[in-house]
There are 2 protein chains.
Amino acid sequence: MSDSNAVEALVQALKRLPGVGIRSAQRMAFHLLQHDRAGAQVLATALQAAATEVQHCERCHTFTEHAICAICSDPRRDSGLLCVVETPADQSAMERTGAYRGLYFVLMGKLSPLDGLGPAELGLNKLFDRAADGLVREVILATNFTAEGEATAHVISEGLRQRGIKPTRLARGVPVGSELEYVDLGTIAHALVDRR
Amino acid sequence: MSDSNAVEALVQALKRLPGVGIRSAQRMAFHLLQHDRAGAQVLATALQAAATEVQHCERCHTFTEHAICAICSDPRRDSGLLCVVETPADQSAMERTGAYRGLYFVLMGKLSPLDGLGPAELGLNKLFDRAADGLVREVILATNFTAEGEATAHVISEGLRQRGIKPTRLARGVPVGSELEYVDLGTIAHALVDRR
C-alpha cells in the first residue's frame with residue numbers, strides 16, 4: 001500500500017504475526033501511522049525489550065526475565081505438586097483460579113510432529129527426571145482437552161508410568177454456569193462416568 | 001501471561017492494534033517469543049522506521065518518506081485527472097488495475113463525525129482548491145461504496161458543485177465474474193439504471 005517502502009516493510013512485518021493476513025496487516029499499519037504513532041513506538045519498544053530480555057525459566061520453561069521464574073523461586077509454593085501445562089497463558093489461567101499452590105512445568109507447546117514439535121522439543125525427558133526427583137509427590141496433567149492436548153497428556157502419562165509414577169489429569173465435566181441442554185454430549189458422558 | 005513484565009508489556013502493546021483482543025495478543029506474543037524472535041526484531045525495526053520516517057505527501061496526503069510522493073512527482077502522470085480515495089490501500093488497488101494514469105487525493109479516512117473526522121480532518125478545502133486550480137479537468141470520486149464512503153462522496157460532490165465543478169463517480173454495477181443470482185438487488189438495480 002502506498003509507494004512508501006517503510007509502510008510496505010511494516011505491512012510485511014505485521015503479516016508474520018499469527019492470524020494476520022494482508023488486509024489486517026494493512027489496516028494495522030494504517031491505524032498505527034494515521035491514528036496511533038505513540039502506539040507504534042510503544043509496540044516497537046516492547047518487542048525489542050521482550051525479544052532481548054525474555055528467556056525460559058531453567059526449572060519450568062515458562063517465559064521470564066530471570067534464570068528462575070518468580071513461581072519456581074517462591075519458597076511458599078508446594079514443591080510436591082507439579083502441574084504440566086501447554087503455555088504460559090494456560091499457567092496464568094491456573095494461577096488466576098487461586099486454587100493451586102504447587103509448581104509448574106510449562107511445555108511451551110504441545111506434541112505436533114508435523115510442526116516439528118516432538119518429545120525433545122517439549123523437554124519431556126527433563127519433565128520425567130523432575131517428576132522422579134523424590135520431591136514431587138503428584139504430577140497433574142493440565143494440557144488442553146483438545147486432540148493434540150490429549151495426545152500430549154497420553155505420551156507424558158506413558159513416560160511417567162514407565163518410571164513408576166501415576167499422574168493425575170484435570171477432571172473433565174460440565175463447565176460451571178452452563179446448562180446441560182447446551183453442553184456437548186461427549187462432555188456429559190465424561191461427567192456421568194466421573195460422577196462423585 | 002507468565003510473571004514476565006516484558007511479556008505482559010508486549011501483550012498490552014499488541015492489544016492496541018485494531019482487531020486484536022487479549023487472546024490474540026497473547027497468541028501473538030507467544031508465537032513471536034517462542035517461534036519467531038527474528039520476526040519480533042524485524043517488526044520492532046519496521047515500526048520504529050515507519051513511525052519516524054513516514055509522513056504525508058504534501059500534495060495528495062498519502063504515506064511517503066518524501067515531501068512529495070512518487071506518484072505526485074511523476075511527470076508522466078496526467079495531472080488533469082484527480083482521483084479521490086479513502087486510504088493508501090484503496091489507492092494501491094486503483095494502481096494495480098493499471099487502468100488509471102492520473103493523480104490522487106487520499107483522504108486518509110472518511111467522514112465520520114463520531115470519530116472526530118470532519119471535512120477539516122480530511123483536508124477537503126485543500127481538495128477543493130486543488131480541483132479549482134485550472135490544471136484539473138476531472139475529479140473522480142472513488143470513495144468506498146459503503147454508507148460512510150457514499151456520504152463522504154456526497155459532501156465532496158456538493159463542495160465541488162458550489163465551485164462549478166461536476167465530479168464523476170466510479171460506476172456501480174455487477175462485479176466482473178459474478179453470477180446475477182448471487183448479486184444483491186441494490187447492485188442489480190444500479191446496473192440496470194446505468195446500463196450502456
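**Two chains and how they meet**

Biologist: Gln91(B) lies in helix α4 (residues 88–97) of chain B. Is Gln91(B) buried or exposed?

Modeller: Happy to look, bearing in mind that this is a predicted model. Leaving aside neighbours within four places in sequence, Gln91(B) is in contact with Thr62(B), Ile71(B), Val85(B), Tyr104(B) and Val106(B). Its relative accessible area is 3%, and a residue under 20% counts as buried. So Gln91(B) is buried.

Biologist: What kind of axis relates the two copies?

Modeller: Let's superpose them. A rotation of 180° with 0.0 Å of shift along its axis brings chain A onto chain B, with an RMSD of 0.1 Å. The copies are therefore related as by a two-fold rotation axis.

Biologist: Which residue of chain A comes closest to the rotation axis?

Modeller: The distance is taken at the C-alpha atom, and the value for the closest residue of chain A is 2.1 Å. That residue is Ala44(A).

Biologist: Do the copies meet through the same surface or through different ones, and what share of the interface residues of chain A tells us?

Modeller: The contact takes 54 residues from chain A and 54 residues from chain B. The copies meet through the same surface, because the share of interface residues of chain A that are also interface residues in chain B is 100%.

Biologist: Which element of chain A gives the most to the side that touches chain B?

Modeller: Across the interface, 14 residue pairs are in polar contact. Elements that each supply at least two residues of the chain A side include α1 (5–15), α2 (22–35), α3 (37–53) and α4 (88–97). The one that gives the most, with 15 residues, is α3(A).

Biologist: How many residues apart in sequence are the parts tied together by Arg137(B) and Asp78(B)?

Modeller: The side chains of these two meet in a salt bridge of 3.0 Å, N to O. Arg137(B) lies in the loop between α5 (124–131) and β5 (138–141) of chain B, and Asp78(B) in strand β3 (residues 78–85), so the separation in sequence is 59 residues.

Biologist: Where are the buried residues of helix α5 (residues 124–131) of chain A, on the same side or on opposite sides?

Modeller: The buried residues are Leu124(A), Leu127(A), Phe128(A), Arg130(A) and Ala131(A). They cover an arc of only 160° around the axis, which means that they sit on the same side of α5(A).

Biologist: And which residues are exposed on the other side of α5(A)?

Modeller: The buried residues of α5(A) pack against β3 (78–85), β4 (102–106), β5 (138–141) and α6 (147–162) of chain A. Exposed on the other side of α5(A) are Asn125(A) and Asp129(A).

Note on methods. Residues numbered from 1 in each chain as written. Chains lettered and ligands numbered in written order. Predicted model: local features only at pLDDT ≥ 70, side-chain atom pairs only at ≥ 80, totals over all residues. Heavy atoms only, no water. Least-squares fit on C-alpha atoms with pLDDT ≥ 70 in both. Contact = heavy atoms within 4.5 Å. Buried < 20%, exposed > 50% of the residue type's maximum accessible area, 1.4 Å probe, protein only. Helix = DSSP H or I, 4+ residues; strand = E, 2+ residues; numbered from the N terminus. Arc of directions from axis to C-beta. Polar contact = N/O pair within 3.5 Å; in protein donor to acceptor, adjacent residues only side chain to side chain. Salt bridge = Lys/Arg side-chain N within 4 Å of Asp/Glu carboxyl O.
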